[in-house]
Each structure stands twice: as structure tokens, then as C-alpha cells.
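User: I would like to go through this model and check what the labels given to its residues rest on. Please set each value against its cut-off.

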Amino acid sequence: MKKKLILGFVGLFLMSCQGKKQHEIISKKEMKNKIAERNKKNTKAFFKALENENVDNLVALFEKDAVHINPYASGIFPKGATGKEEIRNYWTPVFPNFDRMKFPIEEIYAMEDPAIVFVKYKGEIKLKENAGYYTSDYYSTFKFNEDGLIVEYVEIFNPIVAAKAFGLLEMIK
């Protein structure tokens, strides 16, 4: 009887410990989901700032030493920017060149590490003076710090499509 009682207490103790561990796992999972949702929301805010041509809101989403990388710049387009001021200087002259910009998101995923968000989206840009539209498919990754600010933005686009739309094909290196 005494042995059964001890085993019963040990069993309850182990279940109690396992319950705490399960609770910790749930809490970590909930925290990870909250971080992922916040970072996806901030990614959407990035595109909204572009569509609204609001450079202040755009720059506010970046951490002080953030980087913007265009790995397929191809010698025609800027390779990117480092730091808030360079990011501001990168985007400020873009807005006056177009009548309208839309970036409909087709897919958005927080990765296993919720600090990283992957986005597949379209660029639908109306050129000035009824010169038509520049449309393209894009893929981007966003890396965020613990405060939800962008520390790295990588924009993957087809430089041939962009060069063709802007009459720059002969400049591709």
C-alpha cells in the first residue's frame, strides 16, 4: 500500500512536471506565432508605405543600420542601400517617376525563424505620361529584429523585365 501511495505521488509529480513543460512549449509556440504575425503585419506596412508613396513611414519600418539588397541589379539598378538615410535616399526619387504603384501580395510566410518573412508579390506600376505599365513578379525576404524593425530587405526581381519596361535593355551587363 505504501509503495502504491509513493508511486502515485511520483506519478502525480511527473505529470505535474510534464504539464509545466507542455505549458512552456505552448507558451513558446504562442510567442513565436505572435512574433511571426507582427513581422508579417510590418511587411504589409512596407508595401502600403510604397503604395502611398510615404517615404517617412517606409523608413520608420527599418532599424538604424538596416540593409536593402538587390542581388540582381545587373549594373543598371541600384544594388541597394545601408542605413536609414541611404534607404530614404534610395526610395525618395522613385515615387515621382510613377503615377501609381501597387504591390498585391500573392503569398506571405513567416519562416521557421519568425524573424524572417518571405513574400511573393506582383509589381503593378503605372508609368508617367501614359507610357504604359511596368508589371513584374517579385520575391522578397525581410529579416526583423526583436523590436519588429526590418534589419534586412532583399528584393528579387527580373532585371530583364525591368530593363525592357524602362528602355534600358542595352545597359545590362
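User: What is the make-up of the lining of the largest pocket by class?

Analyst: The model is a predicted one. The lining of its largest pocket has 18 nonpolar residues, two polar residues and one charged residue.

User: What is the volume of the largest pocket, and which lining residues are closest to its centre?

Analyst: The volume is about 450 Å³. Of the 21 lining residues, Phe77, Tyr90, Val94, Phe98 and Phe166 are the closest to the centre. Two or more residues each are given to the lining by helix 3 (84-91), strand 3 (98-102), strand 5, strand 6 (133-144) and strand 7 (150-156).

User: Which members of the largest nonpolar core touch the most other members?

Analyst: Phe46, Leu50, Trp91 and Phe142 do, in a core of 37 residues. Strand 5 (residues 116-127) supplies the largest share of this core, five residues.

User: What does Phe142 contact beyond its neighbours within four places in sequence?

Analyst: Its partners are Thr43, Phe46, Phe47, Ala115, Ile116, Val117, Val119, Ile150, Glu152 and Tyr153.

User: Why is Thr43 called buried?

Analyst: Its relative accessible area is 0%, and the cut-off for buried is under 20%; therefore Thr43 counts as buried. Thr43 is in helix 1. Leaving out residues up to four places away in sequence, Thr43 touches Ile108, Val117, Val119, Phe142 and Phe144.

User: What makes Phe62 a buried residue?

Analyst: Phe62 has 0% relative accessibility. Phe62 belongs to strand 1 (residues 62-69). Apart from neighbours within four places in sequence, Phe62 contacts Phe46, Lys84, Ile87, Leu149, Ile150 and Tyr153. The C-alpha atoms of Phe62 and Glu152 are 8.3 Å from each other, with the two residues 90 residues apart along the chain.

User: Why does Met101 count as buried at 3% relative accessibility?

Analyst: The limit is under 20%, and Met101 is at 3%, so the label buried applies. Met101 sits in strand 3. Its contacts, not counting residues up to four places away in sequence, are Leu50, Glu51, Val94, Phe95, Glu124 and Ile125. Between the C-alpha atoms of Met101 and Asn52 the separation is 8.2 Å, and these residues are 49 residues apart along the chain.

User: Which backbone atom does the side chain of Glu51 reach, and what makes that a polar contact?

Analyst: The Glu51 side chain reaches the backbone nitrogen of Phe103 at 2.7 Å. Glu51 is in helix 1 (residues 2-51). Beyond residues up to four places away in sequence, Glu51 touches Met101, Lys102, Phe103 and Pro104.

User: Why is Ser74 called partly exposed?

Analyst: Its relative accessible area is 23%. Buried ends under 20% and exposed begins over 50%, so at 23% Ser74 is partly exposed. Ser74 is in the loop between strand 1 and strand 2 (80-82).

User: Why is Asn130 called exposed?

Analyst: Asn130 has a relative accessible area of 71%, and exposed means over 50%; therefore Asn130 is exposed. Asn130 lies in the loop between strand 5 and strand 6.

User: What is the phi of Ser74, and what is that of Asn130?

Analyst: Phi is near 60 degrees for Ser74 and about 50 degrees for Asn130. Most residues other than glycine have a negative phi. Ser74 has a positive value without being a glycine, and Asn130 also has a positive phi and is not a glycine.

Conventions: Residues numbered from 1 in each chain as written. Predicted model: local features only at pLDDT ≥ 70, side-chain atom pairs only at ≥ 80, totals over all residues. Heavy atoms only, no water. Core = buried A, V, L, I, M, F, W, Y, C linked by side-chain atoms within 4.5 Å. Buried < 20%, exposed > 50% of the residue type's maximum accessible area, 1.4 Å probe, protein only. Helix = DSSP H or I, 4+ residues; strand = E, 2+ residues; numbered from the N terminus. Contact = heavy atoms within 4.5 Å. 1 Å grid on protein atoms, 1.4 Å probe; cavity = no way out; pocket = protein on both sides within 12 Å on 5 of 7 lines; lining within 4 Å. Points joined across faces, edges and corners; volume = space filled by probe spheres on them. Nonpolar A, V, L, I, M, F, W, Y, C, P; charged D, E, K, R; others polar. Polar contact = N/O pair within 3.5 Å; in protein donor to acceptor, adjacent residues only side chain to side chain.
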